[in-house]
Amino acid sequence: MIKSGLDGLGLTSKQRKGRKNTPMNNFNRNKLNIVNKRVIVTILFSSLLLSLTGCLKKDTQVADMVEMEPKVITISTDRGDYQRAYEEAAEKTLNGSEEDEMTADTVEEFIYDDVNKIYSKETVSPEEVVLRFVGDVCFYDDFSLMSSYRDRGSDINNCIDASLLDLMRGADIFMLNNEFCYSDRGAPIEGKKYAFRSKPSNVSILHDMGADIVSLANNHAYDWGPDALMDSIDILNDAKVPFVGAGKDIYEAMRPVYFKVNGKVISYVSATQIERLGNPDTKEATETSPGVLRTLNSAKACQVISEAKANSDFCIMYVHWGSENTDLVEVSQRDLAQDYVNAGADLIIGDHSHCLQGIDYIDDVPVFYSMSNYWFNSKTVDTGIAEVVLSTTRDGIQDISIKSIRFIPAIQRGCRTNAVDSGESERILAYLQGISNYAEVDTSTGEIRKSDTNHNTQGGMNTSPTKKVEEPITEVIEVPEQQMAE
């Protein structure tokens, strides 16, 4: 049985008294107690969950963090009026007022800490966790996609098929790639062909889609500069949408997201390989400036994965990599994937190519190399939802393992993401089988299993319907370590 990370979150108050007062165990206080349909939320303002200074190379070592006692704010409110109650409670607490205590015979634990990125989630079943993933999503206001969205009543139900939305909203944890920034500030990066920005109010679309977590580790989160990225972070936090892969400094950019579900902890890490230059348009965060977490090489991302795995039971790496409009997986992607697995990743989900890439297994770890565009633009492209169901019990004992994996095909067409009929589903799944390696794809059900046979039929050719070039970039430009940190 796997030992549960963040185990302190499950201790009773009596058990907690003897535990060391570390940033990890301070989160035992971060609860939401449901009392007669009323909610008490405890929000922590505390030091970082993980001391990341040990994760950095000596030449990029940062100052030691000062461990501080968390500030606890307790909120009593109905779920529907959370934000107003939070602001009122925060003001009272900071002014020294005390909240009335509330008690109940039964207490349900709920954790929401957007500083240290620890959250709890209720699941449909107490014995499993349903994870679902899609690829690139873009709310760029000047794209035809958003013009079409407005023409359709600004209603996501008119832009994504109901059956797909049911899967997205019905997942215990649903993740997508947020490939743009939310802001009214900034200026587009000079010389960049596409600079994606969306008005702050569009963040509500994420709730309409059912998103539980988004990645900002991509080559468009920084399109309008540092101010716009910082706005994005504030807007996502205000909207209560967890994010990973970027931050106002390198500490935040390297911080995993943790979900406590069914007594287990699932961690999410995200990084971007794009752009593959020593001085990219999309900047990596530093000690004093905002940016993304880069993975031109695997070192920093692997350090984060190792930390995340040490503090969780199941670790997911969501990575932006490869080349656009090709279904050929590059050597650099396979090398990075192997490094991520060695560091402790239990599942790897990729994106960026704007088309599907194949599935493989590395040392029993499933790798989806690219999930394609999902709801991104007006182009016609095969896409879908990756579903990974985790079992959280085995023979009546708490444990965690992959129970099943499947791919649910869909098509982006005409600024809509559409479900497909059985014929189109079989076509997409057969195509996915042909570009996959040691993974067997059931063309009837979409179920994915590890295979001893290499099913790839590409013959080294780009067979993607969206292809623009026959050969992808196969080499990564090597640059000095100090230049990559710029």
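The model is predicted, so local features need pLDDT of at least 70 and side-chain atom pairs count only at pLDDT 80 or more, while totals for chains, interfaces and linings use all residues. Residues are numbered from 1 along each chain as its sequence is written, and side-chain values use heavy atoms, leaving out hydrogens and water.

**Salt bridges across the chain**

- Side chains of opposite charge can pair when their charged atoms come close.
- Here, a salt bridge means a side-chain nitrogen of Lys or Arg within 4 Å of a carboxyl oxygen of Asp or Glu, and that rule gives a count of 18.
- E128 and K403 make one of these salt bridges, with 2.8 Å from N to O.
- That pair links distant parts of the chain, with E128 in strand β6 (residues 128-137) and K403 in strand β22 (residues 397-413), 275 residues apart.
- Strands are DSSP runs of E with at least two residues, helices are runs of H or I with at least four, and both are numbered from the N terminus.
- K403 is exposed, at 55% relative accessible area; the cut-offs are under 20% for buried, over 50% for exposed and in between for partly exposed (1.4 Å probe, protein chains only).
- K192 pairs up with D223 in another salt bridge, where the closest N and O atoms are 2.6 Å apart.
- K192 sits in the loop between β8 (181-182) and β9 (197-198), and D223 in the loop between β10 (213-215) and α7 (225-238), so this pair ties together parts that are 31 residues apart in sequence.
- Both K192 and D223 are buried.

**A salt bridge within a helix**

- E424 and R427 also meet in a salt bridge, at 2.9 Å from N to O.
- These two are three residues apart in helix α11 (residues 422-434), which puts about one helical turn between them.
- E424 is partly exposed at 24% relative accessible area, and R427 is partly exposed too, at 34%.

**Helix α4 and its buried face**

- Which residues of helix α4 (residues 144-151) are buried? They are L145, M146, S148 and Y149.
- Looking down the axis of α4, the buried residues fall within an arc of 155° (taken from the directions from the helix axis to the C-beta atoms), so they line one face of the helix.
- Those buried residues pack against α6 (204-209) and β20 (373-375), where contact means heavy atoms within 4.5 Å.
- Just after α4 comes G153, with a positive phi of about 80°.
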